[in-house]
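Student: I should like to be guided through this structure by questions. May we begin with a single residue and proceed outward from there?

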Amino acid sequence: MSDTVVTRFAPSPTGFLHIGGARTALFNWLFARSLGGKMLLRIEDTDRARSTEAAITAILDGLKWLELDWDGEPVFQFARAGRHREAVERMLAEGRAYRCYATAQELEEMRATAQAEGRPPRYDGRWRDRPEADWPTDRAPAIRLKAPTEGETVIDDLVQGRVVIPNKDLDDLVLLRSDGTPTYMLAVVVDDHDMGVTHVIRGVDHLTNAARQAQIYDAMGWSAPRMAHIPLIHGPDGAKLSKRHGALGVEAYREMGFLPAALRNYLARLGWSHGDDEIFSTEQAIEWFDIADVGRSAARFDQVKLQNLNGHYMRATPDDELMATFRAALPYLPGGLAAIARLDETGRWPALEGALPGLKERAKTLVELLDGARFLLDQRPLSLEPAAEQLLTPEARRLLALLGERLAAIEPWAAPEAEAAVRSVAEEAGVKLGAAAQPLRAALTGRKTSPGIFDVLVALGREESLARIADQAAQRP
RNA sequence: GCUCCCAUCGUCUAGCGGUCUAGGACGUCGCCCUCUCACGGCGAAAACAGGGGUUCGAGUCCCCUUGGGAGCGCCA
């Protein structure tokens with residue numbers, strides 16, 4: 001048996017790669033990789049009016065960012081229009097397709113009357129058996145499939161199970177538009193066949209298309225690939241995830257500071273499960289993935305859970321690796337470019353690196369990481385947040401002066417030494433450590449919360465730290 | 001309207017007739033840890049949509065109801 005598995009991800013370039021498409025790509029990828037097969041990429045650009053170059057770029061970038069690699073070069077569907085027409089010629093010659101001269105207006109009327117009579121809106125097949133003598137010469141025909149009118153079309157779906165669609169509910173679909181361009185329905189079948197696709201994994205919104213496509217396969221005398229129609233992803237409100245309901249492009253998740261690995265893990269967990277496993281590596285996902293474990297009900301997208309997962313991933317990422325990831329992501333984060341400039345001019349990259357362990361512990365996303373690092377970016381004199389301002393009572397400022405003196409004397413400038421100094425000051429003053437640490441935090445970071453204060457001291461360095469302390473301590477009553 | 005699909009804690013899910021007084025995760029709420037915030041630890045509240053069957057036995061199988069969703073283009 002040398003029949004290796006071939007899947008494909010086939011987005012239409014009419015917009016960015018949204019989260020649902022990303023998951024479809026992931027499932028195709030996981031399926032192929034788990035079975036040692038291939039995942040092909042095909043750009044469904046047969047809708048010339050709506051396909052854009054920008055969308056193609058966005059989709060490719062999105063896949064790359066998610067680290068979902070495909071095999072071979074992307075196939076552009078429109079470029080294969082000649083081949084698609086060829087297939088139609090054959091169906092025409094074999095009497096499996098026919099010319100339809102119905103006008104758009106007639107079609108519209110058909111739909112309207114069907115609707116009014118409570119019937120499903122379908123093409124009535126009026127040109128199905130018309131002799132050549134009736135063919136008008138003032139307009140070009142569309143080519144329709146001569147679909148079976150009786151019986152049923154059965155889809156043996158890997159996820160949905162056996163789905164039966166009565167043929168009377170499927171009308172004669174258009175294969176070739178009157179302008180001679182192939183429709184999606186035709187192109188998909190011909191391309192999947194030519195590309196040797198063995199498994200089609202896509203959203204359930206294509207389920208009835210599968211039945212129509214099965215009829216085309218039949219008309220061409222080809223055997224259809226196995227199908228797996230996965231459930232859709234809904235928005236937090238349970239409504240369909242549309243562009244108006246928070247269906248963001250994957251690049252938006254990059255801008256929100258998510259890690260590709262975390263997003264992959266989260267997406268994999270939406271609709272698929274491996275027992276109670278929640279956090280797993282991509283390698284494990286590949287090893288465990290089984291299309292049989294994909295459920296049939298739609299899932300809601302929960303960004304809070306994604307954030308939690310992302311936090312896990314950030315904490316689990318080794319510091320040097322996270323630092324590299326963070327640096328690379330910075331240009332995409334809000335305020336990231338400004339941060340890079342500041343870090344460059346102050347030479348505080350090493351300080352950031354030093355603060356990273358403390359920072360990553362407190363951040364769920366790279367955006368939060370950047371926010372946490374703000375004390376490294378700010379310039380003296382610091383503008384204090386109101387909450388920090390409140391911490392700096394007259395007593396606190398007196399304590400700061402003492403703290404400044406004592407810290408100035410420590411050697412080396414390191415966390416244990418700093419801690420010893422602060423603790424002794426607190427003890428002498430008869431206050432708890434917090435009473436000294438909090439004002440210190442306010443003076444050093446301008447905020448009420450930050451990484452461990454001794455780590456902050458170290459990251460900032462002796463000179464900057466003492467200066468910031470002095471800034472606040474100096475203002476004695 | 002017609003066709004098809006779906007239905008376990010707020011959310012994602014485990015469960016593939018008896019081991020379920022239904023498990024895990026996120027979120028929520030307590031407590032502990034503690035220089036703040038996080039992290040971490042411990043604990044709590046929280047679900048089998050409803051009704052009929054089948055069976056010795058149903059969250060698990062069947063039917064109906066209800067509630068969701070998808071599709072019905074010379075879009076993809």
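Student: Is Asp191 buried or exposed?

Tutor: This is a predicted model, and the values discussed here are computed from it. A residue counts as buried when its relative accessible area is under 20%. Asp191 has a relative accessibility of 0%, so Asp191 counts as buried.

Student: In which helix is Asp191 found, and which residues is Asp191 in contact with, leaving aside its neighbours within four places in sequence?

Tutor: Asp191 belongs to residues 184–194, which form helix H5. Once neighbours within four places in sequence are set aside, the contacts of Asp191 are Arg42, Gln77, Arg80 and His84.

Student: Does Arg90 count as buried, partly exposed or exposed?

Tutor: Arg90 is located in helix H3, residues 81–93. Values between 20% and 50% fall in the middle class. The relative accessibility of Arg90 is 33%, and therefore Arg90 counts as partly exposed.

Student: Which backbone oxygen does the side chain of Arg90 reach?

Tutor: Beyond four places in sequence, Arg90 touches Met220, Gly221 and Trp222. Arg90 and Met220 are 130 residues apart along the chain, yet their C-alpha atoms are separated by 7.9 Å. At 2.4 Å, the side chain of Arg90 reaches the backbone oxygen of Met220.

Student: How far apart are the end C-alpha atoms of helix H4, and what span should its residues have?

Tutor: Helix H4 comprises 13 residues, 104–116. At 1.5 Å a residue they should span 18 Å, and this agrees with the separation of the end C-alpha atoms, 18 Å.

Student: Why are the buried residues of H4 said to be on the same side?

Tutor: The buried residues of H4 are Leu107, Met110 and Ala114. They lie on the same side of H4 because they cover an arc of only 55 degrees around the axis.

Student: Which residues are exposed on the other side of H4, and which strand is included in what covers its buried residues?

Tutor: The cover over the buried residues of H4 includes strand E5, residues 142–145. On the other side of H4, the exposed residues are Ala104, Gln105, Gln115 and Ala116.

Student: Why is helix H20 described as largely enclosed by the rest of the structure?

Tutor: The buried residues of H20 are Ile453, Phe454, Val456, Leu457, Ala459 and Leu460. They pack against several helices, including H13, H17 and H21. Helix H20 is largely enclosed because, of its 8 residues, 6 are buried.

Student: Which residue just after H20 takes a positive phi?

Tutor: Just after H4, a positive phi of about 75 degrees belongs to Gly118. Just after H20, the phi is positive at about 90 degrees, and the residue is Gly461.

Student: How many residues surround RNA strand B, and which are the closest?

Tutor: RNA strand B is surrounded by 64 residues. On this surface, 21 are nonpolar, 21 polar and 22 charged. The closest residues are Arg177, Asp276, Glu278, Arg362 and Arg441.

Key: Residues numbered from 1 in each chain as written. Chains lettered and ligands numbered in written order. Predicted model: local features only at pLDDT ≥ 70, side-chain atom pairs only at ≥ 80, totals over all residues. Heavy atoms only, no water. Near = heavy atom within 4 Å. Nonpolar A, V, L, I, M, F, W, Y, C, P; charged D, E, K, R; others polar. Helix = DSSP H or I, 4+ residues; strand = E, 2+ residues; numbered from the N terminus. Expected span 1.5 Å × (residues − 1). Buried < 20%, exposed > 50% of the residue type's maximum accessible area, 1.4 Å probe, protein only. Arc of directions from axis to C-beta. Contact = heavy atoms within 4.5 Å. Polar contact = N/O pair within 3.5 Å; in protein donor to acceptor, adjacent residues only side chain to side chain.
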